[in-house]
Amino acid sequence: MTSTRPPSAPERTPSGSVPADALHAGSSDPRTLIMNNLRQSGIFVALVVIVAFFAALTDGVSLSPGNITNIVLQYSYILVLAIGMVIVIIGGHIDLSVGSVVALTGAVSAVLVIQQDQPWWIGVLAALAVGLAVGAWHGFWVAYAGIPAFIVTLAGMLLFRGLTLRVLDNISLSPFPAEYQRIANGFLNGLIGGEGYDAFTLLIGAVAVAAYAVTGFRIRVARIRYRQPVESFPLFVARVALVGAVVMYFAWQLAHARGLPIVLIILAVLVLGYGLLTRRTVFGRQVYAIGGNLPAAMLSGVKVRVVNFWVFVNMGFLAAVAGVIYSSRSNGAQPAAGNMFELDAIAAAFIGGAAVTGGVGTVVGAMVGGLIMAVMSNGMQLMGVDQSVQSVVKGLVLLVAVAFDVYNKRRAGANR
Amino acid sequence: MADNILEMRSITKTFPGVAALSDVSLAVARGQIHAICGENGAGKSTLMKVLSGVYPAGSYGGEIVFDGEPVHFRGIRDSEARGVVIIHQELALVPQLSIAENIFLGNERRGAGGLIDWNRTNAEAATLLESVGLRENPVTPIVQLGVGKQQLVEIAKALSKRVRLLILDEPTAALNDVDSAHLLELLRRLREQGITCILISHKLNEITAIADSITVLRDGRTVERLDTGSGEVTQERIIRGMVGRDLDSFYPSRLPSPGEEVLRIEDWTVRHPNRDRTVVDRASLHVRAGEVVGIAGLMGAGRTELAMSVFGRSYGRDITGRLYLRGREIRARTVAEAISHGIAYATEDRKRFGLNLIDDVRRNISAAGLRKLARLGWVHGNEEIKVAEASRRDLDIRAPSVMAVVGKLSGGNQQKVVLSKWLFTDPDVLILDEPTRGIDVGAKYEIYTIVNRLVAEGKAIVLISSELPELLGMCDRIYTLSGGRITGELPVGEATQEKLMALMAKDRETAR
């Protein structure tokens, strides 16, 4: 039987002059471009405004090399959690247990490494294994038993907090050996020298910018070959230059502090990997399909249970990664570790444009959402704002961000 | 000038970038049934939203005169206070609440101390149910009623508000012929009681049968007003006004050329997922390549249940029976297995079960066949766009681009996206469940043309429809289903609406 539309080669064989086309083709009407990316660009603009706001209020201290390094070290584990959380939320679920899981995985690692003198990597592997097991537990109840994730992970929040207390015997453990501490507090620097700055950090920054430019150009060429709209070439160059400038500024500041934080590398790998996973893989697309319309996904042949199960296993894994980073950062394990982390991660995902009803959200958005929270907390701390005020401000920002999103959607929907 | 209960003059309503209504006028005479016709997107629903205050006064231009005085409704409550009640296509009943609770929702019958007076509530509900001819206990939860009966509850609810102008938006779209006839009879009775009615419907046979006058809209403008009293208003006449041209025929012609048998279902039995009831009872049927086989049945006959249970057991439990694909027995225990065997099922409820409305055309089209676009789990994004573009061209999906959000397309175009999705899986058997429900005449014709093209390519098509003329016009062979049993099989040459109706109503009680 013949297919009505065989998914074979492009209708028009690509001509040899495609890269040349890449220099000229495209639209640069800023209005269409901005309207197309309103949700995403809105959040970037918000981040820039908030960064500028606190830079002004703190006389530039918030943008000093030392402080930028601090923000990365202090909030990396929230960002790691937010990656997993946004995927859970896209699938139409929620995970309230991640704070407890951070505590439990850190505790297991601490017991092995501090109490039982195991090597640091045994602690890391054990923590990851516990995280995967926790994820599988949640996944089983959500996907196969059909219990709403809110209930399952609410139970998990209590359950794993209790297990943490049991594992730690109600006491804190510290300190970790130096190798373990390096995970969250270590830097890669001095590898290729530099006078008063770290050349290696700058090199990595340059490599990242180059990779961004090359990938961007290749995507552009491919899109033109498939006759899809692209931005005009000058606009493309401007975009790459802007991103490059921001990244190099960031690298420059890091290079003048203590070099490239190891957690930043971990985070970058995760963001890149999960960004691709959500956008480019069958699995990622099925998560969106399930969150967008569950029965329709089911009737399209999506194995809903399998996908949901792995979404939670993955959340457990990332909670364990965050647990390792947090225990390393705090140089020990405490019974109350990770308290309320789930709320920060959930807030990051929603500020980053995820929808409460599922089916909408991006990893990059969640990262920007997390950074907005991070820059705000950090800025307010630098200014010596009272803890109570900080909490009020963060709460209001979450509310306003989601309200803005809902308002935008309603306005778009009114066209129907 | 006749005694008009409602006059809408020069109504203009614009949304950012588009004029949904421009200078539309509507005059409805007291005590008449007035039909509004137009293709999807012609502005019918927008006009009714203006009338009922969903779009508040001030957000549109023009003037509304109700019962001789200008009105400015700021919301549904305003319009309902004057006795203008709208019943939407998607019924707005709360499934878990009882009939009586739904009827008086927001309008509760209270007794001493503001508490709900249940005796009065249920007694008044019983009276209202009687007046709409629905024999059900008022305390029955809505979930236990079929769509037809739910529609009657909606009308009872409207009557409870002392309705003077009742607006029905596609009331029979989800109903089978018997329930539809019942509903139309009720509308006639209401007319005798002096209730004026505005009827929006795509079913032109109903309109010509019941309406006293007709306003035709096209592209947000009033095209013409027809009075059926003269007897010269035919369906063809209305269609000409709606589409601005003549349609040669409702159903495009096709030369039947059935080939070998593709799918055979034997002794298929399905139980209701959570009630003790057999919904499909030892059904057997087959379909050949290049053949359109129809399934006719009343609401609740088990048509959708049969189709979905065959499609990877997506409905029901304790499913027994055998499936043969080209003579070989197959198992299709999951939807994914069914798809890989070349079976596709396009659902009757595209919004709830067929589409991810918040996502774009492209990803909806690729949803069921995504693995064909992927290598080692990685989706080839550009190839996907190309596939979507090809579908958009082939099926003439009218969307600004394949990146357009599906929820914003018209019903007909959404249905084409659903079809595209299944065609991309390259099925041998395509089960179409009510493929033209709620879409306009022009789009229906296009869907029929697509079906004919697929048949010509050798696909086997199973067509489930509540509209008998559609089955008679499109199928080569028609099975009738009643109470979960196959009660007849007729070649289209021998089938008539009367014969089909008799078979569809046969043996209904004993089969339960």
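Visitor: Hi! What should I know before I start?
Guide: This is a predicted model, where local features need pLDDT of at least 70, side-chain atom pairs count only at pLDDT 80 or more, and totals for chains, interfaces and linings use all residues. Residues are numbered from 1 along each chain as its sequence is written, chains are lettered from A and ligands numbered from 1 in the order in which they are written, and side-chain values use heavy atoms, with hydrogens and water left out.

Visitor: Okay, how is chain A divided?
Guide: Chain A has domain 1 (37–181 + 279–402) and domain 2 (190–257), with bounds that come from an automatic or database domain assignment. Their C-alpha centres lie 27 Å apart.

Visitor: How many residues does each domain bring to the contact?
Guide: Domain 1 of chain A brings seven residues and domain 2 of chain A brings six, where contact means heavy atoms within 4.5 Å. About 480 Å² is buried between these two domains, and carbon and sulfur atoms give 76% of that. Buried area here is the accessible area (1.4 Å probe) that two parts lose on being put together, summed over both.

Visitor: And how many salt bridges are there between those domains?
Guide: Zero between domain 1 and domain 2 of chain A. A salt bridge is a side-chain nitrogen of Lys or Arg within 4 Å of a carboxyl oxygen of Asp or Glu.

Visitor: How many come up over all chains, then?
Guide: The count is 45 salt bridges over all chains. In general, side chains of opposite charge can pair when their charged atoms come close.

Visitor: Let's look at some in chain B. Which residue does E383(B) pair with?
Guide: E383(B) forms a salt bridge with K386(B), and their closest N and O atoms are 2.6 Å apart. Both residues lie in helix 13 (residues 381–394) of chain B, three residues apart, which is about one turn of the helix. Helices (H or I, at least four residues) are DSSP runs, numbered from the N terminus.

Visitor: Is K386(B) buried or exposed?
Guide: K386(B) is buried, with a relative accessible area of 8%, and E383(B) counts as buried at 12%. Buried means under 20% relative accessible area, exposed over 50%, and partly exposed in between (1.4 Å probe, protein chains only).

Visitor: What about R333(B), which partner does that one have?
Guide: R333(B) forms a salt bridge with E337(B), the closest N and O atoms being 3.2 Å apart. R333(B) is partly exposed at 46%, and E337(B) is partly exposed at 22%.

Visitor: Which residues are linked in a network of salt bridges?
Guide: E261(B), R264(B), E266(B), D267(B) and R322(B) are linked that way.

Visitor: New topic: how many residues of chain A are in contact with chain B?
Guide: 38 residues of chain A are in contact with 51 residues of chain B. The area buried between the two chains is about 3,700 Å², with 54% from carbon and sulfur atoms.

Visitor: Which side chains meet in a salt bridge there?
Guide: E384(B) and R285(A) do, at 2.6 Å from N to O. The count between chain A and chain B is one salt bridge.

Visitor: Which helix gives the largest share of chain A's side?
Guide: Helix 12 of chain A does, with six residues. That helix spans 282–292.

Notes. Helix = DSSP H or I, 4+ residues; strand = E, 2+ residues; numbered from the N terminus.
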